[in-house]
Amino acid sequence: MRIPVDRSSAQAVYLQIRDRIRRLIESGALQPGEQLPSIRSLAESTKVNKLTVIEAYSVLEADGLVHARQGAGYFVSQPSIISPQSTSHFAPPQKVILAEQQGKSFSDFYIASVSAQQHEGMINLGIGFPIASGLEDLQRIARRAMKQVGSTLFNYDLPHGQLTLRQQIARLLVQRGLEVTPENLIVTNGSKQALSLAIYYYVQPGDWVIVESPTYHGILQILSNLNARVIGIPMTAEGMNLELLEQYLHTYRPKLIYTVSTLHNPTGVTTSQTHRASLLRLAERYECMVLEDNAYEGLNFEPVPPPIKALDQHDLVTYIGTFSKTLMPGIRVGYMVVTGQHYQPLVERKLLHDYHVSTVSQAIVSEYLASGHYRRHIAHLLSKHQQSRNAMLRALEHYFPAEASWTVPNGGIFLWVQLPSNLCMPTLCQEALLHNVLVADGTWFFPDLQGYNAMRLSFSHEPEAIEQSISVLGRLIKQALQRS
Ligand SMILES: Cc1ncc(COP(=O)(O)O)c(C=O)c1O
């Protein structure tokens with residue numbers, strides 16, 4: 001195969017190769033199961049660098065059009081068996097939750113989930129991080145990074161993070177539609193620290209804060225610790241219910257709206273451009289700060305709109321991101337984008353907590369970004385996650401009762417399953433645990449720790465483990481429904 005490339009074109013050469021192969025697949029000239037030319041032979045025939053071909057194949061893999069077989073090369077994939085959009089029936093009850101005091105359950109859940117990882121044979125559908133891969137790459141990249149930082153390891157560093165890393169993150173965000181400069185960025189110990197810093201800065205004890213209901217349980221822990229009062233605005237398939245949001249902004253005058261606009265934890269919903277603009281307009285009208293947590297950025301299978309922060313003209317939005325979900329949680333590198341008068345006070349608070357993020361971790365992330373390995377790693381991850389998500393959707397269709405419904409996320413790690421109200425969730429989760437399957441009980445994600453019957457399932461596993469665990473859960477749910 002010889003692919004004509006136009007070196008004077010504004011389009012990168014690897015994208016030209018991708019487009020050409022995609023057209024060959026879509027037209028049927030390349031059939032499912034057919035092998036693509038080896039990286040070396042395509043690089044030679046097209047007169048490009050091998051890395052360019054690897055990039056093109058990685059993007060095709062991320063798009064689900066081809067897949068790699070260990071040691072054998074790349075092959076054209078079968079068209080997806082499931083048309084995912086057709087199976088999403090997410091229509092939960094629209095009940096606002098007011099919680100003046102919350103339980104302290106996040107720690108219990110977190111520790112149970114981390115301990116379960118050490119448990120031989122346990123399939124942990126409660127986890128919130130990507131499929132582990134690329135350990136050898138990490139070792140190689142870490143060695144290179146250590147050489148480069150050298151003696152700076154023996155010094156203290158800037159509280160807002162190394163300039164090179166901030167420049168690289170700024171470039172990454174510009175590609176995602178958010179124009180920022182390194183001077184707007186603060187590097188933090190994971191995004192959890194960024195969330196804590198922001199909440200303790202913007203919110204006082206007793207203030208009302210709006211969250212999506214359900215929401216990321218880590219934020220509920222922080223708000224509870226601060227004695228903030230929480231309004232849980234129900235999620236719809238399009239995001240937070242904006243009509244109810246306006247009513248509660250008007251009546252309660254909250255200080256802050258916390259939102260996960262892309263690949264929401266726990267439902268996996270991504271909001272549209274219109275929803276983002278409307279949410280920001282409401283925040284402006286009621287002079288309410290917005291904390292936009294984009295922990296799953298980069299894990300989308302299809303393009304997503306630019307963040308809410310990209311629309312922010314009045315420094316109302318603080319944006320938070322992390323490398324935990326794309327690289328690894330253990331590296332503990334997150335960041336926040338803060339514009340205007342709030343930047344300096346937040347840097348001072350960061351300094352108060354821990355001087356700065358580990359120089360080693362910053363250097364490793366920086367090397368991932370500089371070497372282009374980050375992009376390749378994500379492409380690989382997306383292809384694995386897409387297969388796993390589809391495996392979970394197929395298993396749910398097959399094993400779960402008709403009364404259950406679930407979201408169909410366009411990426412990320414989770415989907416959210418709504419279950420009949422006559423099930424006893426703690427009993428079900430306990431029974432699942434006895435069968436070596438750990439699930440996240442939906443109650444953890446509601447501000448009053450109740451909400452409706454649901455569970456968050458992580459598809460960040462190999463398809464075989466997904467099939468096995470979902471068949472166990474399906475059987476247990478059906479048995480429980482028969483008993484009730
Ligand atoms: C929505 C959301 N925000 C923030 C975090 C915290 O991630 P980290 O501190 O590892 O960056 C998580 C982790 O699960 C999350 O799901």
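I started with a ground rule: a residue is buried if 20 or more other C-beta atoms lie within 10 Å of its own, exposed if 12 or fewer, and partly exposed in between, with C-beta atoms placed from the backbone. What I have open is a predicted model, where local features need pLDDT of at least 70, side-chain atom pairs count only at pLDDT 80 or more, and totals for chains, interfaces and linings use all residues. Residues are numbered from 1 along each chain as its sequence is written.

**Entry: strand β17**

I looked up β17 (residues 454-458). Helices (H or I, at least four residues) and strands (E, at least two) are DSSP runs, numbered from the N terminus. Are the residues of β17 buried or exposed? Five of the five are buried, so β17 is largely enclosed by the rest of the structure. I checked both faces: Ala454, Arg456 and Ser458 sit on one side, Met455 and Leu457 on the other.

Next I wanted the neighbours. Two strands pair if DSSP finds at least two bridges between them. Four strands make an open antiparallel sheet, ordered β13-β14-β17-β16. β13 (405-406) and β16 are its edge strands, each pairing on one side only. I then followed the pairing of β14 (residues 414-418) with β17, which is antiparallel and runs over five bridges. Which residue of β17 is the bridge partner of tryptophan 416? It is arginine 456. Valine 417 stands opposite methionine 455. β16 also pairs with β17 in the antiparallel sense, over two bridges, and there aspartate 441 has methionine 455 as its bridge partner.

**Entry: helix α14**

I moved on to α14 (residues 425-434), where Leu428, Cys429 and Ala432 are buried. Why do they count as being on the same side of α14? They cover an arc of only 95° around the axis (the arc of the directions from the helix axis to the C-beta atoms), which puts them on one side. An α-helix has 3.6 residues a turn, so residues three or four places apart point the same way. On the other side of α14 I found Pro426, Thr427, Gln430 and Leu434 exposed. The buried ones pack against β15 (437-438), β16 (440-441) and α15 (463-483); two residues are in contact if their C-beta atoms, placed from the backbone, lie within 7 Å. After α14 I noted asparagine 436, with a positive phi near 65°.

**Entry: around the ligand**

Here, near means that a residue's C-beta atom, placed from the backbone, lies within 6 Å of the molecule. I found 14 residues around the ligand, and Gly190, Ser191, Lys192, Thr322 and Ser324 come nearest. Helix α7 (residues 190-202) gives the most to this shell, three residues.

**Entry: glutamine 16**

I picked out glutamine 16, in helix α1 (residues 13-26). It counts as buried because it has 20 C-beta neighbours inside 10 Å. Leaving out residues up to four places away in sequence, glutamine 16 touches Val5, Asp6, Ser9 and Gln11.

**Entry: the whole protein**

Last, I stepped back and noted 15 helices and 17 strands. Buried residues make up 46% of the 484 residues. Along its principal axes the C-alpha trace spans about 65 × 60 × 45 Å. Among contacts between residues at least 6 apart in sequence, 77% join residues at least 24 apart.
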